[in-house]
Amino acid sequence: MTTRTFLVHGLLAGLLAGIAAFVVAYTVGEPQIDKAIALEEVAGAPASDGHDHTHADPSQDAAGHSHGDEAVVSRTTQSTLGLATGTLALGVVLGGFTGLLAAAGLGRLGGLRPAASTAVMALLAAVSFSVVPFLKYPATPPAVGSGETIDSRTAVYFGFLAVSVLGVLAAVAVARRAARRWTGVPGVLAGAATYVAVVAVAALAFPKIDELGSFPAGLLWDFRIASLLTLVALWAVIGAALTALVDRTWRQHSAAQARKELAASL
Amino acid sequence: MAHAFATPVAAPSELAIPVRELAPWLALGALFALTVLVLISSVQGAITIPEGTAIHEWVHDGRHLLGFPCH
């Protein structure tokens with residue numbers, strides 16, 4: 001079982017995950033995006049959220065853009081090819097990298113077998129990269145979020161994401177050390193406590209973002225659930241497919257080893 | 001060993017891939033993943049390079065639904 005095996009498995013799992021995420025995003029998420037854009041266009045007055053979506057000269061300000069039919073890319077393209085570009089690219093990249101993480105985790109997470117260590121790595125990646133950042137800075141639909149604050153919102157989002165990822169790396173190091181000193185269960189608990197502590201402090205320290213204005217709460221909830229489902233679909237397929245592929249390879253590897261040992265013992 | 005087929009051949013720790021073998025893959029993988037992440041999430045949004053709005057518009061729905069800051 002080489003690094004290459006894991007990368008190939010991860011890329012394949014990521015491709016499947018990108019497709020799954022697109023299906024969920026298109027069926028569950030797009031209706032909410034359409035409703036949000038419709039609201040925005042009815043409101044019409046950019047002053048409502050201090051944000052002008054129909055910029056006079058787009059080349060002067062990349063942050064300004066229009067959501068309507070007059071947009072550079074039509075709504076149909078945005079919700080199909082455009083959406084698929086995003087989910088597939090992110091799926092393949094996250095799947096491939098999770099494959100590499102699973103390669104790094106192989107044989108390093110206590111006595112876990114390859115399938116189990118792979119599943120744990122995928123779960124940690126999903127929680128630290130998507131779920132926890134979502135809890136602090138949940139996704140926002142079109143019409144929420146000002147173009148003027150996109151810089152600061154992006155900075156704090158990725159800043160928090162970086163803390164979360166570093167926190168899980170520290171947690172794994174703590175868990176392995178504690179597991180060596182005591183046993184697996186205290187090790188896992190020490191790791192979990194480390195991650196929760198890091199993320200809790202960061203969540204308190206990072207600024208709150210509230211640009212909702214009078215956006216309807218029901219639609220916001222539906223959009224956020226759809227966004228979370230998209231991310232969960234992405235990670236669930238990465239985790240399940242990668243684990244299944246790694247397990248299959250490991251079984252083949254074990255069978256081959258067993259035959260070799262049997263032949264040697266004769 | 002008559003039971004060679006029944007028991008796992010290698011202990012998990014024997015399967016561990018050495019760090020010096022993993023490091024280059026992880027380094028390039030991380031850089032490539034970050035590049036694509038920035039392209040999908042922030043180019044022509046928070047990062048105003050390159051000029052224009054075409055990429056932003058193209059991946060617009062993905063940015064919103066995948067949870068990245070957008071507007």
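Here is the tour, from the chain contact down to a helix pair.

First, some housekeeping: this is a predicted model, where local features need pLDDT of at least 70 and side-chain atom pairs count only at pLDDT 80 or more, while totals for chains, interfaces and linings use all residues. Residues are numbered from 1 along each chain as its sequence is written, and chains are lettered from A in the order in which they are written.

Start by showing where chains A and B meet: 61 residues of chain A and 46 residues of chain B take part (contact means C-beta atoms, placed from the backbone, within 7 Å). H2(A) gives the most, with 15 residues.

Where they touch, domain 1 of chain A brings 9 residues and domain 2 of chain A brings 14 residues.

Now select H4(A) and H5(A), the latter being residues 184-205. How do they pack? The angle is about 160 degrees and the axes are 7 Å apart (axes are lines fitted to C-alpha atoms over the stretch in contact, and angles run from 0 to 180 degrees between N-to-C directions). H4(A) and H5(A) are therefore roughly antiparallel, a label for angles over 145 degrees.

Notes: Two residues are in contact if their C-beta atoms, placed from the backbone, lie within 7 Å. Helices (H or I, at least four residues) and strands (E, at least two) are DSSP runs, numbered from the N terminus. Angles under 35 degrees count as roughly parallel, over 145 as roughly antiparallel, 65 to 115 as roughly perpendicular and the rest as oblique.
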